[in-house]
Amino acid sequence: MKLLRTGVDDLPALQACFFASVSVLTAKDYTPEQRRAWVSRGLDHAETWRSKLGSQFGWKAIENETVQGFILLVPQDNLIDWLYVSPAAANSGVATHLLWELERTARTLGMPHLETHASITAQPFFERRGYALVEKEEVDTGSCVLPRALMRKSLQA
Ligand SMILES: CC(C)(COP(=O)(O)OP(=O)(O)OC[C@H]1O[C@@H](n2cnc3c(N)ncnc32)[C@H](O)[C@@H]1OP(=O)(O)O)[C@@H](O)C(=O)NCCC(=O)NCCS
């Protein structure tokens, strides 16, 4: 597996990965209605995706020319904005590698801490990597409510 920077040309492949990731991997924590709302909130905003993909701080994990997962850092907000892994690649270390690369970059940039709005599915993953719960959150999609968790990790020794 190799990690590469994302670019605007990655839009279809990363949206496909996002769709599969949310649809399959969050099924134990979110209802079908909640997953549909999450996916449409994500896929409805192609322009936002393009501008994020063109940022300097997105990475994709590639194996056999296929996207296995991706992550995005928003340095000005100390924020991990995306972390999605394809169901076929789950539990093989993809997210761990993506997060290591992001944290390495965040430290190089001198960021004091990182935050993320973690899904219920991802909360244990982040906890095991040193992120603590700050507060529980709810996103109102209009049709339903999506629970999530604001989590933070200090990058200072
Ligand atoms: C949460 C999520 C990102 C985790 O991705 P992942 O690639 O499966 O995570 P990893 O494989 O790195 O780690 C998960 C487990 O796999 C196992 N694992 C890790 N590396 C491994 C390896 N090299 N070989 C075998 N198993 C491994 C470990 O048991 C690990 O568990 P741990 O947390 O106790 O260490 C993924 O489930 C996902 O995309 N979920 C849906 C979308 C979502 O909720 N995204 C977060 C939005 S904030």
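## Strand E3 and its surroundings

Seven of the nine residues of E3 are buried, so the strand is largely enclosed by the rest of the structure. The model is predicted. E3 spans residues 66-74 and pairs with E2, residues 58-63. It also pairs with E4. Helix H1 lies across E2, E3 and E4.

**Overall make-up**
- The protein chain has five helices and seven strands.
- Read from the N terminus, the elements follow the order β-α-α-α-β-β-β-α-β-α-β-β.
- The UniProt record, an unreviewed entry, places the feature "domain: N-acetyltransferase" at residues 1-156.

**Size and packing of the chain**
- A compact globule of 157 residues would have a radius of gyration near 15 Å; the protein chain has 15 Å, so the two agree.
- Along the principal axes, the C-alpha atoms fill a box of roughly 40 × 35 × 30 Å.
- Buried residues make up 31% of the 157 in the protein chain.
- Take the contacts between residues at least 6 apart in sequence: 63% of them join residues at least 24 apart.

**The sheet**
- Seven strands form an open sheet in the order E1-E2-E3-E4-E5-E7-E6.
- The pairing in this sheet is mixed.
- Strand E1 (2-5) and strand E6 (132-140) are the edge strands, and each pairs on one side only.
- From one strand to the next, the twist averages 25 degrees.

**E2 side of E3**
- E2 and E3 pair in the antiparallel sense, over six bridges.
- Trp-59 has Ile-71 of E3 as its bridge partner.
- Lys-60 stands opposite Phe-70 in E3.
- The hairpin of E2 and E3 has two residues between the strands.
- In this hairpin, Asn-64 takes a positive phi near 50 degrees.

**E4 side of E3**
- The E3 and E4 pairing is antiparallel too, and it runs over six bridges.
- Gly-69 has Val-85 of E4 as its bridge partner.
- E3 and E4 form a hairpin with four residues between them.
- Asn-78, in the turn, has a positive phi of about 50 degrees.

**Helix over the strands**
- Helix H1 covers residues 11-25 and runs at about 95 degrees to E3.
- The strands it lies across are E2, E3 and strand E4 (79-85).

**Nonpolar core**
- The largest nonpolar core has 35 residues.
- Helix H4 (residues 94-108) gives the largest share of this core, six residues.
- The residues with the most contacts inside the core are Phe-70, Ile-71, Leu-83, Tyr-84, Leu-98 and Leu-102.
- In soluble globular proteins, nonpolar side chains tend to be buried together.
- Which residues does Leu-102 touch, not counting those up to four places away in sequence? They are Trp-59, Ile-71, Leu-73 and Ile-80.
- Two of these partners, Trp-59 and Ile-71, are bridge partners of each other.

Notes: Residues are numbered from 1 along each chain as its sequence is written. This is a predicted model: local features need pLDDT of at least 70, side-chain atom pairs count only at pLDDT 80 or more; totals for chains, interfaces and linings use all residues. Two strands pair if DSSP finds at least two bridges between them. Axes are lines fitted to C-alpha atoms, for helices over the stretch in contact, and angles run from 0 to 180 degrees between N-to-C directions. Two residues are in contact if their C-beta atoms, placed from the backbone, lie within 7 Å. A residue is buried if 20 or more other C-beta atoms lie within 10 Å of its own, exposed if 12 or fewer, and partly exposed in between; C-beta atoms are placed from the backbone. UniProt positions are given in the numbering used here, feature names are shortened, and annotations may be inferred rather than shown by experiment. The radius of gyration is taken over C-alpha atoms; the globule rule is 2.2 Å times the number of residues to the power 0.38. A nonpolar core is a set of buried Ala, Val, Leu, Ile, Met, Phe, Trp, Tyr and Cys residues joined through C-beta atoms within 7 Å.
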